[in-house]
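Here is a brief report on one model.

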Amino acid sequence: MVDARGVRKYFGSHEVLRGVDFAVADGGVACLIGPSGSGKSTLLRCINHLEPIDAGAIVVNGALIGHAVRGSHIVELPERQIARNRIGLGMVFQRFNLFAHLTAADNVMCAPMTVRGMSRADARRQALELLDRVGLAARADHYPAQLSGGQQQRVAIARALAMDPNLILFDEPTSALDPELVGEVLAVMRDLARSGMTMVIVTHEIAFAREIATSVSFMDDGLIVEQGSAADVLDNPCNPRTRAFLKAVL
Ligand code: ADP
Ligand code: MG
């Protein structure tokens with residue numbers, strides 16, 4: 001589903017991704033852990049084509065999505081193809097990024113109507129089903145400000161699901177939440193993982209990663225320095241930096 005090879009990314013002269021190899025199989029749940037500033041969000045943004053890459057290639061769901069080097073040429077994909085490739089990709093951010101002036105249902109209905117041309121009635125029907133799936137059927141007509149952070153994040157997950165994605169990227173989806181609201185968001189993500197959704201999750205929730213990850217990658221200073229099963233990476237890390245990081249967060 002995702003195959004990133006030799007991905008490099010610079011911000012000015014700062015090399016933020018220094019040759020990242022990262023892959024996720026169809027139906028896999030890849031958890032990405034690592035210290036702040038190591039490049040986790042940048043990698044997700046490159047996979048989602050929010051950032052162009054400077055070298056390497058990223059294939060998502062069979063489509064080349066990153067700008068890529070072929071021979072010595074950077075190949076830039078046409079905007080229309082980028083947009084088409086991105087339709088199958090959902091993203092859930094740390095801050096819920098809901099439209100404040102739209103109700104929960106309208107937030108979920110927005111993309112299917114504007115991008116897919118779905119009728120208002122069909123989009124509403126789908127939105128109510130998805131809000132029910134994330135436990136928010138009774139909150140469909142509430143505005144974000146009337147919802148808790150955990151509820152807003154669940155609406156954001158329903159909104160990502162509304163485009164029927166093949167893959168959902170989560171960037172620290174529970175980091176901005178009060179501790180008592182983390183569990184309800186993780187429960188929704190656990191259900192999604194069990195339903196076979198392919199997911200890439202940047203998280204500091206180590207116990208959650210151990211429970212649901214099909215692979216765990218530890219990123220440090222622009223490189224994935226250790227990658228393997230949850231048992232290998234979380235319980236038996238080889239790399240001293242992985243060990244130090246886990247000791248600090250656990
Ligand atoms: P993480 O998500 O692991 O905390 P990031 O991917 O956000 O790390 O950041 C990696 C590095 O790239 C950091 O040093 C950060 O300051 C830098 N960085 C991220 N985004 C930008 C940007 N838009 N412009 C310049 N530097 C950036
Ligand atoms: Mg980040």
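Leu 89 stands opposite Leu 167 in β9. The model is predicted: local features need pLDDT of at least 70, side-chain atom pairs count only at pLDDT 80 or more, and totals for chains, interfaces and linings use all residues. Residues are numbered from 1 along each chain as its sequence is written, and chains are lettered from A and ligands numbered from 1 in the order in which they are written.

**Sheet.** Strand β9 (residues 167-171) pairs with β8 in the parallel sense, over four bridges. Pairing requires at least two DSSP bridges between two strands. Helices (H or I, at least four residues) and strands (E, at least two) are DSSP runs, numbered from the N terminus. Six strands form the open, mixed sheet, in the order β8-β9-β10-β3-β11-β12. β8 (89-92) and β12 (223-228) stand at the edges with a single partner strand each, so one side of each has no neighbour in the sheet. From one strand to the next, the twist averages 15 degrees.

Two helices pack here. Contact means C-beta atoms, placed from the backbone, within 7 Å. Angles run from 0 to 180 degrees between N-to-C directions, with axes as lines fitted to C-alpha atoms, for helices over the stretch in contact.

| Helix | Strands touched | Angle |
|---|---|---|
| α1 | β3 (29-33), β9, β10 (198-202), β11 (215-220) | about 150 degrees with β10 |
| α5 (residues 149-161) | β8, β9 | about 170 degrees with β8 |

**Ligand.** Helix α1 (residues 40-47) gives the most to the shell around ligand 1, with three residues. Among the residues surrounding ligand 1 are Phe 11, Val 16, Lys 40, Ser 41 and Thr 42.

Note on methods: A residue is near a molecule or strand if its C-beta atom, placed from the backbone, lies within 6 Å of it.
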